[in-house]
Amino acid sequence: MDDYILEVKNLVKHFPVKGGGRKVVHAVDGVSLRIKRGATLGLVGESGCGKSTLARTIIRIYDPDSGEILIGGRNIANLSQRQLKPVRKKIQMIFQDPFASLNARMTVKDIIAEPLRVHRIGATKREQDELVYEILAKVGLERAHANRYAHEFSGGQRQRIGIARSLILHPEIIICDEPISALDVSIQAQVVNMLFAFQRELRLTYLFIAHDLSMIRYVSDDVGVMYLGKIVELSSGDELYKNPRHPYTQGLIQSAPAANPEAARKKKSIPIEGDIPSPISPPPGCRFHTRCKYAAPRCKTEEPELKETGAGHWAACHLLG
Ligand code: SF4
């Protein structure tokens, strides 16, 4: 039997618009996904499509409006902050911006040891310090770094500190919210390789968010494509890249830069035209219809369901029967 460690069912998160009366931002609008233990689900989509809000709602930084978040079969969507405390040991997050996500007034040791104090792990401060030194070594930093402050480090080193903090409680699931997009290209691969070495060693499960399709292809077992608060396509990574079915996914793949100049020359680029519409008033019917070259009258009024269009390959488009 498949062991799905994380399942999200029909998750909804809207935010009220300040001074906008009853208007809301439809950030996450009925998202369902699931990840097998030890696997990586890559989530891709343009900025503003709701990826980060989805991540923060799954980890309960935001409270969902409705839907379920099952971790190891237990729904955590409606748990109080006190009830969530033991769950937080199982699911951790690595944030996009290693410059903003580390407290500038704390030493590296205090940043990494904070979860140990919250969860009362380690009988003495000395024991906690030893756990911090151990995890620093694992992420390629030195014991001497422990007493320094985050601003004394490079972006790549700061992200290593963030990874150390996320690993210190031995979680089962890590949500990686664009963990390398703020880093220099030269060190992105190092950080990704380190994350995947930890995945193999510790059998971690990742929800890996990125806007870079080639990175998502490299890191993911399964891939979900998100557009304006909804998943529009979901399948194994290989299948999605070989046989993209949703017009939005096709456009994303065709407009992604090719890896080598020869392939780039041959490639017929069909960019997705226009901007992503406002999530305050998403278009009726298919949300992609304002940018879709195949849009038919039906697409403007009738919302397509996410349906299985082939074995394990799901897509939401009227063209797909
Ligand atoms: Fe395009 Fe219509 Fe399919 Fe939406 S449902 S992606 S508008 S063809």
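**View 1. Antiparallel pairing of strands S1 and S4 in the predicted model.** In this predicted model, strand S1 (residues 4-16) runs antiparallel to strand S4 (residues 66-71), and the two are joined over five bridges. Within this pairing, Leu-6 stands opposite Ile-71 in S4. Strands of a sheet pair through backbone hydrogen bonds, in either a parallel or an antiparallel sense.

**View 2. Parallel pairing of strands S6 and S7.** Strand S6 and strand S7 (residues 173-177) pair in the parallel sense over four bridges, and Gln-92 is found opposite Ile-174 in S7. In a regular strand, side chains alternate between the two faces of the sheet. Along strand S6 (residues 91-94), Ile-91 and Met-93 point one way while Gln-92 and Ile-94 point the other way, and all of these residues are buried.

**View 3. Packing of helices H3 and H4.** Helix H3 (residues 108-118) packs with helix H4 (residues 125-138) at an angle of about 115 degrees, the axes being 9 Å apart, and the crossing of H3 and H4 is right-handed. From H3, the residues Val-108, Lys-109, Ile-112, Ala-113, Leu-116 and Arg-117 meet a set in H4 that includes Leu-131, Val-132, Tyr-133, Ile-135 and Leu-136, as well as Lys-125, Gln-128 and Asp-129. By class, the residues of this contact of H3 with H4 divide into nine nonpolar, one polar and four charged.

**View 4. The buried residues of helix H3 and the residue that follows the helix.** The buried residues of H3 are Val-108, Lys-109, Ile-111, Ile-112, Ala-113, Pro-115 and Leu-116, and these buried residues pack against both H4 and helix H5 (155-167). Just after H3, Arg-120 adopts a positive phi of about 50 degrees.

**View 5. The shell of residues around the ligand.** Around the ligand there are 13 residues, of which Cys-286, Cys-292, Cys-299, Cys-317 and His-318 come nearest. Classified by type, the shell around the ligand holds 10 nonpolar and three polar residues, with no charged residues.

How values were computed. Residues numbered from 1 in each chain as written. Predicted model: local features only at pLDDT ≥ 70, side-chain atom pairs only at ≥ 80, totals over all residues. Heavy atoms only, no water. Near = heavy atom within 4 Å. Nonpolar A, V, L, I, M, F, W, Y, C, P; charged D, E, K, R; others polar. Pairing = 2+ DSSP bridges. Axes fitted to C-alpha atoms, helices over the stretch in contact; angles between N-to-C directions. Left-handed = near helix turned anticlockwise from the far one by under 90°. Contact = heavy atoms within 4.5 Å. Buried < 20%, exposed > 50% of the residue type's maximum accessible area, 1.4 Å probe, protein only.
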